[in-house]
Structures are given as C-alpha cells and as structure tokens.
Amino acid sequence: MQFFSFDFLLFLAITAIVFRVIPRRWRGHWILLASYAFYCTWDVRMAILLLVATVFCFVAGLQIRELRNRKAASVLTLGAVSAFVLYLAFFKARPLIASGASVAIPLGISYYTFRLISYLLDVYWGKYDAERQFVPFAAYVAFFPHLVAGPIQRASSFLPQLNAPQNWQSNSVLAGLARIMLGFFKKSVVADNLGLFVDYGYQHMQSGSAIPHLAAFYLYPLQLYADFGGLTDIAIGTGLLLGIESPENFDLPFWATSITEFWRRWHMTLTSFLRDYVFIPLRMATRSWGQFGLILSLILIMLLIGIWHGFSMGFLAFGLFHGIALTIDTMSSSRCKKYYQRNPRVALTAAFFGPVLTYNIVSVGNTFFRAPSLGSAAQMLGGLTSNLTHIGSGLSALVAPPNHYAWVAFPGLVLAEIADWIRSHKGLKLPALAPRWIRWSAYACMTLTCIFVALLFLARQPGADPFVYAKF
Amino acid sequence: MRNFRDFVLAAVCVIAYAAIWEMALRMVGVRYDYSFYQADPVLYAKYRPNAEGWEVKESENFVRMNSFGMRDRERTLTPAQGTTRIAVLGDSLEAGMQVPLEKTMAQLLEHILNDKFTGSRHSIEVLNFAQGGATIAQECLMLRDRVWAFQPQIVILFVGSTSIPTATRQLSASDTPFYIFSGGRLIPDPKNQPPADSSSEAIRQHDAVSNLMNRYRLLLLVRKATQDGVDRERAKLSFMRRPTGQRQYNPMDTWFQPPATAEEQNAWYVAEGLLSLAIEDARHHGAEFWLASSGTEIEDNPNASQREAFFKEHNYGVTYAENRFGVFATTEGIPYIRLEPDLLQYAESNMTPVRGFFNTQPNRGHWNERGNSAVACIVADRLLKGSDVLRSLAEASSSVLSDSQKSTP
C-alpha cells in the first residue's frame, strides 16, 4: 500500500477512527495491528521477518538491562547491534549480489533497523530503561507512518506518548490532516512537476544545449526536498492522527549558509542518529589522532550515508563528495569566523552568498545521487556550460508538452514554503479563541479537502510516480 | 440569528474554497475525460449536439461538436447549389478528436478536393459522421437514419480492426445495437435494449448535466473518480479477477487471421450483411458507395523491425480482413480504398509516425495530424481517380471553364 493512494487514505481513516473510539488501553494494540496489516499489504514474509527482529531486540533489551554494568552486557549489545548491522547490510547488498534478478527487500528496513539499534544502545548506555511490555515496543518498531521513510524516532520520545495517550483533541486531528494534505501537495504539485523537468534534463543530455543540464542540475535538489519533505509530512500528520508527535526531518535546508549547516537541517533524524550512535563514538575513538581523526570520522560518516542509500558507485561518490565538502568546511570554519569578525562587510556578503554556494555544492552531490551512472553524472556536470547560445529554444523545448503545466511547481514550492513557515512558527492549529464560523469553516474545508484528495486518487491512473525515498 | 449568521459565513467560505480548488485544478492542468455523448433510441449513443470539451487521453485538443452532433464544422441540411456532398462514416480514427478540426481527415479531404475544382462553380463538402466507438451496425443505422437528410452523393464507410469483433453480441459486450441472421435475413437482435433514458425529456436533462460537468473540473473529477476509480477499488476488494463471462477476443486476430471459430465466422457474415444493406441503401438514394479499410497501428508503423517482430511474435501472415473486404467490394461492385500500403509508404518515406502524440507512445492509437493529412491525400487521390460523381463534376467543370475561357476576349 503506497502512501500516495486512495487505499492508504481509506486505511488511515479507518485506523484513526477506530483509534479514537477504542479504550485507551487498547490503543497500542490497535496501532500494532494496523501497522502489521499495513506491512502485510507489501509482503507477509517480510512482516514475519520484522516480527522476528522485534522479538530478538525486545529480549536483547531486557537482557542488557538485567546485565547492566557487567561485561556480558557489552558483549550482548555489541553482538545484537552487529547482527542488526549485518541484517541491514545483507538486504541492502542483495540487489548487488543478485544483479539482474529481482530481489525482495523488507519495506523500511533501514528505518526500523535504526530504531532497533538506537533502542539497544540507549538501553545499554542507560539513557532509556528497557521496555517491559512487548506490545508497545512492537508498535514502536512497526509504527506504520514511520515505516516507509522515517522520521527515525527514538523510543524515549515515542513510547511515553503511546503509554500515556492524550485525550481527543480536535485541533490535533485538524493539524494532522493539514500536515498530510501539505505532504500530498508537495509531492503531487511540486515534486512530480519538477521531476518532469529533471527527467527531461537527463533524457536530453545529448541535445548540445546547456538548458537540460542546468534544469536537471538545479531542480533536482528541490524535487528531492519536496518529495522527501512531502513523504515526511504525511508520516508526521498520520502520527498526529494517532496521537503521536514525531520529530521533524527538515528545517529550511536550502537557507543553510554552509554545507555543515545544511546537514544539520536535512534529514535531521538520520543525521542525529548517525551523530549520536556512529560519529560521536568514532570521534571519541579517534580523538588522539587530532585533525586526521576528525577528517576520517567525517568522511566515514558521509560514506555511510551514501552507501545507506544503496551499494552503487553513484551513492559512494555522493557520500565521498559530501565528506570532502564537510571536511573543507569544518577545517576552514574557525578561520573564516575570525576573518568575518574582522571584516563585517565580508561576513554580510558571505551570509548572502553562503546559501547560494551551499545549494551549488548540494546540487553537485545530488547529481551523483540522481544520475544512473558515474559516467552520466560526469556528462551532466560537464554539460552545464556546454552551449549557452540557444537559451530561448532550449527553454521552449523544456516547457513544451508534456511539461507545459510543470511550471506550477514553482508557485507551488513558494506556497509550500509559506505553509511550512506558518506551521513551524504558528502551528497548523486553530487559534484557541477563534470565532465559531471560522471553526466551522475550517472543519468543512478540511473535510472538503479530504474528499477532493480521495477523488483525485480515485481518478488517478494507478502506478504513478512513487516517492524517491520510499525505496531506501 | 447568530447561528444563521455563522452558518452563512461558513457556507460562503466553503464555496470560496471550492472555487479555489476549481482554479487550482485548471492551473495545474488537471483534465479528465469530457462527455461528448448522449443517449439515442436508434444508435444507443451519439455525439451530443454542440457538446464541447477537451480530449485528453491522446494529445490535448479542444473539441466542439456542431449543432447536428457531428465532429464537423457547422452545416446546413440542404446543400447550397452546385455543392457535391460526401458523407464519411467511421469510428474514432475518422472522427479525429485528437487533432484540431481543420486538421481532421474529413476537413483536409474537403480542402484537397475543392482545390481540384478551383475556378469552377462546383464545391465539395465532406460531412463527417464518424463517431468514436461506432460499430458497423451503428454506421449503417447512422446512414439510414441521419445521413440522407444531408443529401450526400458519395458515401465512404470506413471499417477498422474493431469492426468485426463488435459486429455480434457473442464477441462484444458493448451496449450497442446488434443484428442477427434469422431465416436468411438480417434483423435487429431481439435482445437489443435501447437506453432507458432515451426519451426526449431525459435526453434534455442528461445533456444539461453533461454540459454543466464539462464546464467544471471539479465535477469532471467527481465523474471520473466515481466511474473509473470506484470500479477499480471494488475490483481490488473482490481479491480476484472479475469474471467477464465471455471470451475476450483479440481484435488483431480477427484482422490478421481467418475466422477461427463459428462466432468469428458469424461476425464476418453479419458485418458483410450489414455492409450489403448499406450499399443497397446508398443505391436506393442514388449515391455512390465507397468502402475503406483504415488498418491497424502496426501496419503503418515506419519501424520495420517492430513490424517484423510483431508479425513474427503473433505468427500473422497476410492481412486477412483487408483482403476479404477487397473481395467483398469486388463482389458487390463497389470501389474499395485500402489505406495501409499507402499510409505505411507515407510514414516510411517521411520517416515519421502517423499515429501517436506527445502523451502517448509513438505509432500508437489514433492518427496524428500527419496521419490525418496522409489519409486525406490517399482518399482524395482514389476518389479523383475512381469516383463517377467527381469525374462527371470534373468534366462539367472543365466544359464550363473552357466556355468561360472562350467567352473571355
């Protein structure tokens, strides 16, 4: 069952309504049941695998708690974490091993494995007490809104919410629905239309014009942002309908003034997971190596992010490129800071050009991410300045049918950013003292939106563009 | 009072919100199938007079029917003096909903023929009675009930790959009028069920609703979702394929191969019987009758390797249907236009597909602008060479022209 489908809307409506009407003590059970039902629509065998991994982790967590402060706890933690890393690596590497053959990969394997690993390490480090009840723990691991593409929520944030669910709040439902609709908007209006331009760019690299190259190069980061951001919005909104507040994954990443800041704003739950569970331990282990240790840690972490997407040269190049960019930025940041303090005007200019430079760096990295091979990535980058003489005809060809309505992505992106700004600053909730007619209007318009979106899904041809990050 | 005020304010907000949705759908280019049909007691379905909307499945084209419900420019029932009329009967290929009206085969044919008679006092009008999804029975009924009122002197009836599979109820599940043989005579199938809502009042109401729907994207969305989407979801819930109760025939088989079953053989007999009735009808009205076969997309695919692969994969040899229609035409003593060799030649020599649009695969579906133009040229050429009506017209024109030249000092 895809998030972007009528089936999901129907499933969500039933799940949310039942969740709200059943007694509180059954809500965890209901979430678990719904999550496994959702998972089974993809693959029943993989649902069994998820269950086995959950049981293993649950038992391991309890054992680690029992053995705390003993050497056996370290051995058990190391063994369990290694087992999960191997489990993840095995499925990630399967397409590479069985090249050409179609292989089944568990849905959201990265995300639930990360949750399991973070849980075990938190229990081992004493940050979180092991969960003694299996149902809430299993519901946490399999929580279907977060299963497809995160966000990666820690047990310490999720389980207390599940164990002490809040009362019915019409405002949280409204906020959840609004967030889901925002996600659908980002995906269908922004990402899919930008995708048309990007696809055109990659299909017309041989045209001799720089326009297809420029379009694909500069629009792909925005497409990826809208696509992944939309998917995250749907996940967070769905969580809100089920009484769970989830962590944010993005914080205006393209306003970042440096690549380091970009990674603090992009896919935040993954980067914070890797920071806490990989980078910091690695840095601690290599601290005696000085700057070399830092460089090694940065490059390793970015390589890890790269190959997490898949075992391909493109993702490896993506990781390596970002690792090098981060290293350069980190090494030069203190000097830059001092220089800016001495020259405030330069600092002002840097603040303005920082996001532009960062966007260009991200675009280069994303070219390796998007291009089907390293050769075509090089071709894409090489053609950026190839022929800028026929800009008019190149642009006409770019916006010719079937891309003639794709321009709506640009105003759509602006609207989505405004909505995101309002959401993060004011929230998507109605003011507490809003007049009755405004409340009535809001509820009626939201109902109408849900109906129209359901109709759009019904009228849509099946098998349309899936989310980019749903495959990771 | 306060309740009422709040309710009105909320209602205004909701209406404004729906209007925003309507505008947004227009802005993002969301379009669904527009309604062009209305119920008809004879044809069961026909184009609605003055219906207008977008064709979006293949290309994007704004279509407007004329006041007679034809994919044609506005016509009068009675032709102007000195006007020779040609009636074209066919299905969606000939209706040409995917191209602008002036680029349809019928309009281009009219243009080419009129060019040939420039300077004379004669003009040619090509009336397009073609209709999407029309079966042979519907084409014959159209000829009998509607065409003669326009007094055509030439009738061209197009047959295509769907003509035989839709000729009998045994092969087709569509709600169209069927004919059967009874006592050696072709009679309407007693199982025929004209649309229940074909009374003039019901048609009027249906037209009003359809025209309203064509005006608003939100209403089109509702219709599309409730027609296609609900069926699709229901099929998913049934967890199995819906039994059709009938064997699904591949139209290509009946086009490329001799009939393999008694049902297919019967479909051929019915189709030929219907064509005979149409020919008789035309003779009765003193009109010249032409049969034309439009062929299939693979036959005019300029990619030779794809053609060969297709014929090899399906083990097809000669095009059976086109040959059989040729034999039928010879037996009936009527001229026959077989488009395919010429259309393929056009596609190959110009290295361009005659079918397919920006939103479809090349060489697939309906004729594009080049295809319509090529077909118009082929048909015009054959008519000018073989039509007695046009020949006599040409002779009359040349004598008039020579007389006028003589009288010119």
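Predicted model: local features only at pLDDT ≥ 70, side-chain atom pairs only at ≥ 80, totals over all residues.

Student: What makes chain A as compact as a globular protein of its length?

Tutor: Chain A has 19 helices and zero strands. The radius of gyration of chain A is 23 Å, and the globule rule gives 23 Å for 472 residues, so the chain is as compact as a globular protein of that length. Its C-alpha atoms fill a box of roughly 70 × 65 × 55 Å along the principal axes, and 40% of the 472 residues count as buried.

Student: Why is Leu242(A) called buried?

Tutor: A residue is buried if 20 or more other C-beta atoms lie within 10 Å of its own, and Leu242(A) has 25 such neighbours, so it counts as buried. Leu242(A) is placed in the loop between helix H10 (211-241) and helix H11 (259-265) of chain A.

Student: Which residues is Leu242(A) in contact with, leaving aside its neighbours within four places in sequence?

Tutor: They are Ala16(A), Phe19(A) and Ile31(A). Leu242(A) and Ala16(A) are 226 residues apart in sequence, yet their C-alpha atoms are 6.0 Å apart in space.

Student: How do you know that the length of helix H13 of chain A agrees with what its 19 residues should span?

Tutor: At 1.5 Å a residue, the 19 residues of helix H13 (residues 291-309) should span 27 Å, and because the end C-alpha atoms are 28 Å apart, the two values agree.

Student: And why are the buried residues of H13(A) said to line one face of the helix?

Tutor: The buried residues are Ser297(A), Leu298(A), Ile301(A), Met302(A), Ile305(A) and Gly306(A). Seen down the axis of H13(A), they fall within an arc of 170 degrees, so they line one face. The buried residues of H13(A) pack against helix H12 (268-286) and helix H14 (313-342) of chain A, and just after H13(A), Gly310(A) takes a positive phi of about 155 degrees.

Student: What joins Pro401(A) and Pro402(A)?

Tutor: A cis peptide bond joins them, with omega about 10 degrees, and Pro402(A) is found in the loop between helix H17 (391-398) and helix H18 (409-426) of chain A.

Student: Turning to chain B, what makes it as compact as a globular protein of its length?

Tutor: Chain B has 13 helices and eleven strands. Its radius of gyration is 24 Å, close to the 22 Å that the globule rule gives for 409 residues, so chain B too is described as being as compact as a globular protein of that length. Buried residues make up 39% of the 409 residues in chain B.

Student: Why do Asn50(B) and Gln151(B) count as partly exposed?

Tutor: A residue is partly exposed when its count falls between the limits of 12 or fewer for exposed and 20 or more for buried. Asn50(B) has 14 C-beta neighbours inside 10 Å, so it counts as partly exposed, and Gln151(B), with 17, therefore counts as partly exposed as well. Asn50(B) lies in the loop between strand S2 (44-47) and S3 of chain B and has a positive phi near 65 degrees, while Gln151(B), in the loop between helix H4 (136-145) and strand S7 (154-159), has a positive phi of about 55 degrees although it is not a glycine.

Student: How do you know that strands S3 and S4 of chain B pair?

Tutor: Two strands pair if at least two bridges are found between them, and S3 (residues 52-55) and S4 (residues 61-64) of chain B pair in the antiparallel sense over four bridges. Glu52(B) stands opposite Arg64(B), and Gly53(B) stands opposite Val63(B). The two strands form a hairpin with five residues between them, and Ser59(B) in the turn has a positive phi of about 60 degrees.

Student: What makes helix H9 of chain B hardly covered?

Tutor: The count of buried residues among the eleven residues of H9(B) (residues 304-314) is zero.

Student: Finally, how many residues of the two chains are in contact?

Tutor: In chain B 22 residues are in contact with 18 residues of chain A. The largest share of the chain B side, nine residues, comes from H1(B), and the residues of that side divide into 15 nonpolar, three polar and four charged.

Conventions
Residues numbered from 1 in each chain as written. Chains lettered and ligands numbered in written order. Rg over C-alpha atoms; globule rule 2.2 N^0.38 Å. Expected span 1.5 Å × (residues − 1). Arc of directions from axis to C-beta. Contact = placed C-beta atoms within 7 Å. Nonpolar A, V, L, I, M, F, W, Y, C, P; charged D, E, K, R; others polar.
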